[in-house]
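Good morning, and thank you for coming.

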Amino acid sequence: MIKKTFGALAACALLAVGLAACGSSNSSSTSTSTSSAAAPKVATTPATGAGAVSGAGSTFAAPVYEQWGSTVGGGLKVNYQAVGSGAGLTAIENKVVDFAGSDPPLKPEDAEAIAKNGSEAVQIPMFLGAITVSYNLPGVKTGLKLDGPTLGAIFTGKIKTWNDPAIAALNPGVSLPSTAITTVHRSDSSGTTSGFTSFLSDVSPEFKSKVGEGKEVPWPNGTGAKGNAGVAGAVKQTDGAVGYVEQAYALTNGFTYASVKNSSGKYIEPTLASTSAAGVGVKIPADLGLKVVNSPNPGAYPIASQTFIVINKDLCKAGGPGGEEAAKGTVKFIEYGLGAGQQVLAQADYARLPPPILAKSKEAVKSLQCNGSPIG
Amino acid sequence: MEAASITGGDRGLLSRSPLARVPDRALRWGLTVLAALILALIVYFFIRLFDESRPAFEAQGVLSFVFEDNWNPSAGHYGALPLVVGTLITSTLALLIGVPVAVAAALYTSELAPRRFRGPLTILVELLAAVPSVVYGLWGIFYLAPKLHPAEVWFSETFSFIPFIGGGTVTIPNCFIAGLVLAIMILPIVSAISREVMSTVPPDHKEAALALGATRWEMIRLAILPYCRSGIVGGAMLGLGRAIGETIAVTILIGGSTQMVQNLFGQSNSLAAVIANEFGEAQGTHRSALFACGLVLFVLTLFVNGVARYFVVRAGRSSGPPRAEDHRAGAATAALVADTAAGA
Amino acid sequence: MSAQGTTSPLGRLAVSPGRRRKDRLARGAVLSATLLALVPLVLIVYYLLKKGLGAWSSDFFTTDPTGSTFFKNSDIGGVKSAILGTIEMVALASVIAVPIGIGVAIWLVEYGRSSWFANVVRFFVDVLTGVPSIVFGLFVFIVLIIGTGTTYAGWKGSVALSLLMLPVVVRSAEVILTLVPNGLRESALALGAPRWRVIGRIVLPTALPGMLTGVLLAVARAAGETAPLLFTAAYTKETTTNLSGFMNSLPVQIYNDVTSPTPRVVERAWGAALALVTLILLLNLIARLVSRRSRLA
């Protein structure tokens with residue numbers, strides 16, 4: 001009996017070690033691309049598999065890509081997973097998807113990792129968004145003005161009530177109640193947090209030292225809620241609450257938001273026009289990795305953000321899961337997004353790209369290739 | 001006839017040809033290999049988790065990861081103590097609230113309820129298992145939490161002298177609500193298994209107690225509960241597992257604060273919630289820190305199960321010849337009779 | 001010597017008021033606890049009906065989601081692909097997890113018993129119950145997607161779900177099998193029945209209704225979990241039977257929809273949640289009916 005037990009145990013230990021050894025060497029195994037194997041279907045594009053375009057990444061961009069996917073036409077099927085920018089980049093680094101959606105510009109190490117697939121990484125700005133400072137203050141319906149340092153002080157907890165002199169100074173003539181301020185922030189990692197904290201860190205040294213910027217930060221106070229919907233719900237439920245909510249969400253649901261002072265000293269409301277304006281006058285680096293927060297444009301809303309589609313320059317050579325047909329489909333999708341897709345954005349409360357950035361994006365698309373010959 | 005078909009024919013009862021042993025041997029070895037493979041899979045799972053979390057441990061140090069109170073991934077700090085504490089508190093709360101209610105419900109449905117209600121009641125309690133975890137989270141945050149908020153504020157203010165329970169800020173997503181909803185989520189598992197276990201108590205045990213003059217409750221206490229103890233603990237372990245590992249519902253309800261939980265009605269965080277919250281956007285060391293959280297959960301469950309198993313083995317029971325358990329029950333009943341006889 | 005309280009035909013064995021009080025108290029407590037357990041159920045069902053019933057329509061069940069959520073009058077579609085996807089993926093997960101789980105449980109109770117090896121297996125299976133569902137999803141993501149360099153697939157989601165189901169099936173089956181009286185086994189063995197027949201014809205049928213409960217709990221859990229599917233089976237709008245491609249599922253559809261800014265889409269999420277609960281309930285009822293029928297036969 002004992003011998004049998006030990007025998008079984010030894011066998012399974014060997015098995016486990018063997019599996020582990022196989023598993024940890026996965027990085028060296030190159031997967032042969034399925035592109036040449038799958039013959040493109042003639043009549044209908046299948047829902048999944050060869051020919052369907054797959055993408056993953058930014059949750060901010062997901063509704064837009066879904067919408068574009070349904071109106072792009074031409075039998076093109078687009079499947080997009082809103083798993084987050086980080087997971088999306090991991091997916092394209094491992095050739096699990098045809099394109100990735102990412103909000104922040106590519107970091108050098110990510111660009112390198114993607115380039116390992118045989119072709120350099122290209123990031124294409126697709127559209128812009130804004131982060132509104134939404135609040136729930138009965139009696140103060142519109143027009144509350146806030147500036148960077150004040151916002152920073154609110155979110156570090158230095159300013160505790162709405163009738164604080166600092167807020168009153170910015171809003172002469174508005175009667176502010178003495179309600180306590182409850183700040184609401186995101187409990188989950190998100191590009192929205194990153195954009196908001198990036199702005200606050202730029203304009204409020206105290207915020208930068210106490211909290212810092214990033215996709216998740218150690219908020220010293222306030223309530224955490226999951227997702228835009230969570231923050232929006234929490235703000236709605238609590239008198240005196242203030243939180244940062246994505247523009248599309250705030251506009252669609254009629255939230256009350258503040259006008260924020262931009263770098264030129266003007267108080268700007270987060271409209272679609274002022275968000276697009278944030279892209280004008282911003283320095284556009286050669287790899288298109290731009291950031292539109294705190295834009296120098298006097299008509300710009302300061303807390304604006306951008307989102308990219310990240311792909312390999314030579315899509316076929318890099319070998320995505322959908323093969324050559326999916327590569328062509330991806331380019332068609334991007335072209336649509338930069339063309340008719342931009343009109344669709346306005347109807348949905350998303351901000352379109354301003355002409356200078358749009359032109360650069362279209363240029364980048366033209367440089368895309370399939371096994372050496374241009375697709376775009 | 002049944003007996004003949006079971007024994008497989010007319011042969012002498014005790015003789016069996018070597019050929020007839022083959023299916024037995026095959027079954028035995030087949031199942032043994034299966035069990036070994038499953039064990040290998042679980043060990044591989046563990047090893048793989050460790051592999052993925054190694055960068056985080058290298059950056060932070062193993063002990064520091066578990067015991068340092070500083071979770072700030074943007075700054076490169078991965079001290080997961082607030083997460084571990086949050087996980088333990090919500091799971092303990094879930095067990096404290098959920099298991100007694102579940103066992104009581106199982107008792108009622110199997111013993112005390114009028115016969116015609118038993119079926120429907122059983123189905124109702126198990127219906128709780130049909131609700132997906134994301135619905136629990138959303139219902140909790142949109143309906144239950146706001147409704148309970150005034151009561152929580154009252155409780156916190158009335159009992160403000162008790163250090164952890166009262167006197168702090170009461171937020172809407174908080175530790176207590178997460179524990180409460182978790183208790184509701186584990187109810188069906190613990191209740192269903194307890195009920196199944198209770199239904200296998202031999203009727204003679206129950207009838208013997210009743211015949212000796214025990215009241216209904218005494219019969220339950222003497223004949224049913226001891227018999228079912230290890231089965232109920234088994235069910236409770238499954239419930240605890242669910243509570244420790246529940247991701248989506250807890251993520252929505254616990255508030256996701258990166259600081260150590262200050263009070264029962266304030267925000268907190270849990271290991272599973274932090275993985276769900278941060279994995280999508282995490283890269284590099286942050287990602288391996290999240291895998292490390294999964295590993296810590298694995299080890300935590302190991303530890304808790306080990307402790308529970310120790311107690312179960314001591315009072316363990318499998319169907320079989322009479323054991324100390326039965327003698328104890330018999331002795332208690334005898335003592336009861338003696339009590340009654342003495343006019344207690 | 002005379003018993004305090006009421007006299008009864010049983011004389012000296014009559015129940016004292018103290019004991020009777022305790023009995024009533026205990027029974028009252030048990031009843032109230034049971035009712036307490038039902039309160040959240042009523043609240044949740046009412047909430048689900050209130051928020052989700054409005055989304056139900058024939059379109060809801062027969063059309064796929066369109067992804068077109070921006071325009072005021074656009075057709076957002078229904079959740080057909082999600083319903084079918086959930087059924088397919090959970091069915092595959094059950095086919096994987098249930099036989100394996102019951103097999104391991106049988107081994108644990110019949111052969112392994114309290115041997116050292118069996119205790120190790122038991123221990124590790126118990127530990128698996130505490131792993132969060134998202135970690136199973138990430139494990140499959142790392143091993144089957146990143147590791148092999150292939151893309152998201154429905155069957156990979158099923159693998160993650162089966163990992164989730166396995167410990168529940170094993171543990172609950174083990175509890176039930178342990179409670180099959182040894183006397184049954186022994187009498188069959190004494191009559192000369194081979195082991196495999198004892199297991200197949202005596203132990204399993206006796207334990208079947210109890211094991212069915214455990215299996216149904218596991219299936220209900222698998223059907224309602226989002227996290228394992230987010231990183232494995234991905235999301236697609238079309239109905240597909242191709243398990244090696246992307247596949248939609250109700251929990252993922254709910255998860256995606258409920259955070260949408262468009263109220264109609266949020267309502268569809270609640271409708272999908274109601275549909276999911278109904279689906280699991282129907283499955284429960286059907287399985288119980290079938291088992292009761294076979295028990296009588």
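Predicted model: local features only at pLDDT ≥ 70, side-chain atom pairs only at ≥ 80, totals over all residues.

Chain A contributes 41 residues to the contact, and chain C contributes 34 residues. Together the two chains bury about 3,000 Å², with 65% of that area on carbon and sulfur atoms.

How many salt bridges cross the interface of chain A and chain C? There is one. It joins C:K237 to A:E66, and the closest N and O atoms of this pair lie 2.9 Å apart.

On the side of chain A that touches chain C, several elements give two or more residues, among them α1 (2–24), β1 (53–57) and α2 (62–71) of chain A. The largest share comes from α2(A), with five residues. By residue type, this side of chain A divides into 22 nonpolar, 15 polar and four charged residues.

I turn now to chain B. This chain has 13 helices and two strands. It comprises 344 residues, of which 57% count as buried. Among the contacts in chain B with a separation of 6 or more, 71% are between residues 24 or more positions apart. Chain B exposes about 13,500 Å², and carbon and sulfur atoms supply 67% of this area.

Finally, the salt bridges. Side chains of opposite charge can pair when their charged atoms come close. Over all chains, the structure holds 18 salt bridges.

In chain B, the side chains of B:E111 and B:K206 form one of them, at 3.1 Å from N to O. This pair links distant parts of the chain: B:E111 belongs to helix α4 (residues 81–112) and B:K206 to helix α8 (residues 203–211), 95 residues apart. Are B:E111 and B:K206 buried or exposed? Both are buried.

B:R195 and B:E196 also meet in a salt bridge, at 3.7 Å from N to O. B:R195 has a relative accessible area of 13% and is therefore buried; B:E196, at 12%, is buried as well.

A further salt bridge joins B:R242 and B:E246, whose closest N and O atoms are 3.4 Å apart. B:R242 counts as buried because its relative accessible area is 10%, and B:E246 is buried at 1% relative accessibility.

In chain C, a network of salt bridges links C:E110, C:R185 and C:R195.

Key. Residues numbered from 1 in each chain as written. Chains lettered and ligands numbered in written order. Heavy atoms only, no water. Contact = heavy atoms within 4.5 Å. Buried area = accessible area lost by both parts, 1.4 Å probe. Salt bridge = Lys/Arg side-chain N within 4 Å of Asp/Glu carboxyl O. Helix = DSSP H or I, 4+ residues; strand = E, 2+ residues; numbered from the N terminus. Nonpolar A, V, L, I, M, F, W, Y, C, P; charged D, E, K, R; others polar. Buried < 20%, exposed > 50% of the residue type's maximum accessible area, 1.4 Å probe, protein only. Areas by Shrake-Rupley, 256 points an atom, 1.4 Å probe, with all protein chains shown as cover.
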